[in-house]
Amino acid sequence: MQDERTIFENAAPEPLAARLRPRSLDEFFGQEQLLGKGKVLRRMIDGDSIGSMIFWGPPGVGKTTLARIIAGGTKAKFIDFSAVTSGIKEIKQVMEQAEKNRRFGEKTVLFVDEIHRFNKAQQDAFLPFVEKGSIILIGATTENPSFEVNGALLSRCKVFVLQALKTEELVGLLKRALADVRGFGATDIAISDECIAAIAGFANGDARSALSTLKMAVLNGETKEDGSVSVTVETVEQCTSKKSLLYDKSGEEHYNLISALHKSMRNSDPDAAVYWLARMLEAGEDPLYIARRVTRFASEDIGLADPRALEIAVAAYQACHFIGMPECTVHLTQAVVYMSMVPKSNALYLAYGAAKKDALGMLAEPVPLAIRNAPTKLMKELDYGKGYKYAHDFADKLTDMQCLPDSLAGREYYNPTDEGAESKFKTRLAEIKAWKKRMHDA
């Protein structure tokens, strides 16, 4: 029992991720697109030509660590500032200290975690100090800075996009944690490559999550008499039984995933569509929201190529409303697979877009008198409804009456495709236009 306690009592009380935080770019895992040989950020760091910047990326990809490495490499004072716990008063205090440092020739790197949580006034408080060089501002955000960082501040910062770590990068990180004395290097730990790969896959690109899961697996491993620890597949499975999916229903990932679903259906890929559907539902997305988007898709991307698509989408929405999760997953699956498989047409979407453009550009175009309603004597005296032809009174149920304003006469918005049932509408429309032309020429 003494050996079992010693494994962790001898370690620093910090989380494993903090103990293993890289001290240099050589120890840093991932972000080769920015830090590889000859890449822009690497050249800026190596050349000590760092300016204010924003790191945008998912959790656990090294935003804070990279800021610390930059501060160390430029021999600048590093100030870690949290947008969650700080206000304008704290900002001004830090800025005053940074200004004093500048007067004595010392650079200050101010790292602001979750900068998107600052309101506009708080973000504006940084501006004068960034402009005169009192600080090098490095902001970190998981949200799209185009939406969350005000334009004046964003224009003075270079944005670098950090990507989720690849599985093989996380595997390398976990193996280093097992070998490094700052991690578990002082303990003999038996864990298979299969288990390490499983932990890396579970982490979903998040280094912090990977290290936390590894620590949990080691803590729950079997401790032998000689002090060694054995981590089995069963132990890892228990530690990864409930996967936390990367999803924020109010953030960018929300829109990324619904975009992925929409574009997979448009590309007639039912497998991808069902996968993205599952990603959203299992992460807690409202099924009614998805059903509304599928209903939109039914007309925007299918339309009259298969008129039943709209019926099925609305039925799926009703099913979600009636029975909720998790039972309605199968109804949404039916809907997205159907949308993926049927013929596609965006003719209705294009028709409305073209008509909208004309409508907005010609808001004052008068309704032709023939198709105006005339409920009063005065309106009749003003020729409202004069010349109106009731289609049902004619043998072909057609008339040559003009329904568009004179300035738009002959304009065409709806151009049906040859896809699915829409080919029948195309044939019918061609017949109508040919009939009207004959009547016009007669």
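Keep in mind along the way that the model is predicted.

Let's begin inside. The largest nonpolar core has 51 residues. Within this core, the residues that touch the most other members are Leu41, Met53, Phe55, Leu66, Ile138, Ile191 and Leu214. Another core lies apart from the largest one. This other core has 27 residues, including Ile258, Leu281, Leu332 and Val342.

Next, a look at the cysteines. The structure holds 0 disulfides. Take Cys328, whose closest cysteine sulfur belongs to Cys320, at 3.8 Å. A disulfide calls for two sulfur atoms within 2.5 Å, so the sulfur of Cys328 is too far from that of Cys320 for a bond. Cys328 has a relative accessibility of 0% and therefore counts as buried. Cys157, at 10% relative accessibility, counts as buried too.

Now for some backbone details in the loops. Between α18 (308-323) and α19 (329-341) runs a loop that holds Pro326. If you find this proline, look at the peptide bond that joins Met325 to Pro326: it is cis, with omega at about 0°.

Gln31 is not a glycine, yet its phi is positive, at about 60°. You will find Gln31 in the loop between α2 (16-19) and α3 (32-35). With a relative accessibility of 3%, Gln31 counts as buried, because the cut-off for that label is under 20%. Asp383 is not a glycine either, and its phi is positive at about 70°. Asp383 sits in the loop between α21 and α22. Its relative accessibility is 32%, so Asp383 counts as partly exposed.

Tyr388 lies in the loop that runs between α21 (377-381) and α22 (422-441). The relative accessible area of Tyr388 is 47%, which means that this tyrosine is partly exposed. Tyr388 belongs to a nonpolar surface patch together with Val367, Ile371 and Tyr390. Taken together, the residues of this patch have about 370 Å² of accessible area.

Technical notes
Residues are numbered from 1 along each chain as its sequence is written. This is a predicted model: local features need pLDDT of at least 70, side-chain atom pairs count only at pLDDT 80 or more; totals for chains, interfaces and linings use all residues. Side-chain values use heavy atoms; hydrogens and water are left out. Patches are made of residues with over 30% relative accessible area and no salt bridge: like charges are joined within 9 Å, nonpolar side chains (Val, Leu, Ile, Met, Phe, Trp, Tyr) within 5 Å. Accessible areas come from the Shrake-Rupley method with a 1.4 Å probe; for residues, only the protein chains shown count as cover. A salt bridge is a side-chain nitrogen of Lys or Arg within 4 Å of a carboxyl oxygen of Asp or Glu. Helices (H or I, at least four residues) and strands (E, at least two) are DSSP runs, numbered from the N terminus. Buried means under 20% relative accessible area, exposed over 50%, partly exposed in between (1.4 Å probe, protein chains only). A nonpolar core is a set of buried Ala, Val, Leu, Ile, Met, Phe, Trp, Tyr and Cys residues joined through side-chain atoms within 4.5 Å.
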